[in-house]
Amino acid sequence: MEIPGGTAPGEVTRLLEAAEAGDSGALDRLLPLIYEDLRRVAHRQLDREGGGHTLQTTALIHEAYLKLAGSGSVSASSRAHLLAIAARAMRQVLVDYARRRKAAKRGGGVISVTLGDEPQPTDASAEDFLALDEALEQLDPRQRQVIECRFFGGMEEKDIAVALGVSERTVRRDWVKARAWLYQSLYPNKAP
């Protein structure tokens, strides 16, 4: 049996296992199988930024792929886990991009930062995006992963639960706690 797109069930898992075992070509063979998933994740993230970003969806995917491929090995157990890893790589690409923009002092560029359940663009500067990154680094690692998967990856709670090996209830609890903490950290003078 084949699933849409012509991928046999288990093919992604088989290629992930091959990549983890050291097959250097497995990741290259895997990319076309998950490309549409990566495109959805990248597109959603860039949509959050309200069109103020000059980085294109395809460029974000390719930069994230290069980051993953350059790491030597990808240790993911499922499609959901791989997408969680890719969401983190996309976050790192966007943070690096914001740092370069800030260093170039181009100013005026707009990056959107929102921690809501739905993508709702909010204007923010590169500095705000970098402040978000710094705040994320202070979170509990699992809470940070939940934020990365949901905010940067656009993943649903059930997929995040699978990727992180926890219950959906734990994902929801981590999402709520992390959002509250980040809001307080980023906006200390505002009442919740």
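The model is predicted. The protein chain contains eight helices and two strands, and from the N terminus on these elements follow the order α-α-α-α-β-β-α-α-α-α.

**Nonpolar core**

- The largest nonpolar core consists of 54 residues, and those with the most contacts inside it are L30, L38, L60, I147 and M155.
- Two or more residues of this core come from each of helix 1 (11-20), helix 2 (26-48), helix 3 (57-70), helix 4 (79-104), helix 5 (126-138), helix 6 (141-152), helix 7 (157-164) and helix 8 (168-186).
- Helix 4 supplies the largest share of this core, namely twelve residues.
- I147, one of the residues with the most contacts inside the core, is in contact with L136, L139, F152, W175, A178, R179 and L182 once its neighbours within four places in sequence are left aside.

**Helix 1 and the residue that follows**

- In helix 1 the buried residues are V12, L15, L16, A18 and A19.
- Seen down the axis of helix 1, these buried residues fall within an arc of 160°, so they line one face of the helix.
- The background to this kind of pattern is that an α-helix has 3.6 residues a turn, so residues three or four places apart point the same way.
- Just after helix 1, G22 adopts a positive phi of about 110°.

**Largest pocket**

- The largest pocket holds about 200 Å³ of space, and of the 13 residues that line this pocket, A84, I85, R88, A89 and E148 are the closest to its centre.
- Helix 3, helix 4 and helix 6 are the elements that give two or more residues to the lining of the largest pocket, with helix 4 giving the most, at six residues.
- Sorted by class, the lining of the largest pocket is made up of six nonpolar, four polar and three charged residues.

**Residues of helix 6**

- V146 is found in helix 6 and, with a relative accessibility of 1%, counts as buried because the cut-off for that class is under 20%.
- Not counting residues up to four places away in sequence, V146 touches I160, L164, V171, D174 and W175.
- The C-alpha atoms of V146 and D174 are 6.9 Å apart in space, although the two residues are 28 residues apart in sequence.
- R150 also belongs to helix 6, and its relative accessibility of 11% places R150 among the buried residues.
- From C-alpha to C-alpha, R150 and V171 are 9.8 Å apart, with 21 residues as their distance in sequence.

**Residues in loops**

- S78 has its place in the loop between helix 3 and helix 4, where S78 counts as buried at 16% relative accessibility.
- With neighbours within four places in sequence left aside, S78 is in contact with L16 and V162, and L16 is itself one of the buried residues of helix 1.
- G153 lies in the loop between helix 6 and helix 7 and is buried, its relative accessible area being 0%.
- Leaving aside neighbours within four places in sequence, the contacts of G153 are with R40, V41, A87 and E148, and E148 is also listed among the residues closest to the centre of the largest pocket.
- G153 and R88 are 65 residues apart in sequence, while their C-alpha atoms are 7.7 Å apart in space.

- R179 is found in helix 8 and is partly exposed, with a relative accessible area of 27%.
- R179 is among the residues in contact with I147, and the C-alpha atoms of R179 and R144 are 10.0 Å apart in space, with the two residues 35 residues apart in sequence.

How values were computed: Residues numbered from 1 in each chain as written. Predicted model: local features only at pLDDT ≥ 70, side-chain atom pairs only at ≥ 80, totals over all residues. Heavy atoms only, no water. Core = buried A, V, L, I, M, F, W, Y, C linked by side-chain atoms within 4.5 Å. Buried < 20%, exposed > 50% of the residue type's maximum accessible area, 1.4 Å probe, protein only. Helix = DSSP H or I, 4+ residues; strand = E, 2+ residues; numbered from the N terminus. Contact = heavy atoms within 4.5 Å. Arc of directions from axis to C-beta. 1 Å grid on protein atoms, 1.4 Å probe; cavity = no way out; pocket = protein on both sides within 12 Å on 5 of 7 lines; lining within 4 Å. Points joined across faces, edges and corners; volume = space filled by probe spheres on them. Nonpolar A, V, L, I, M, F, W, Y, C, P; charged D, E, K, R; others polar.
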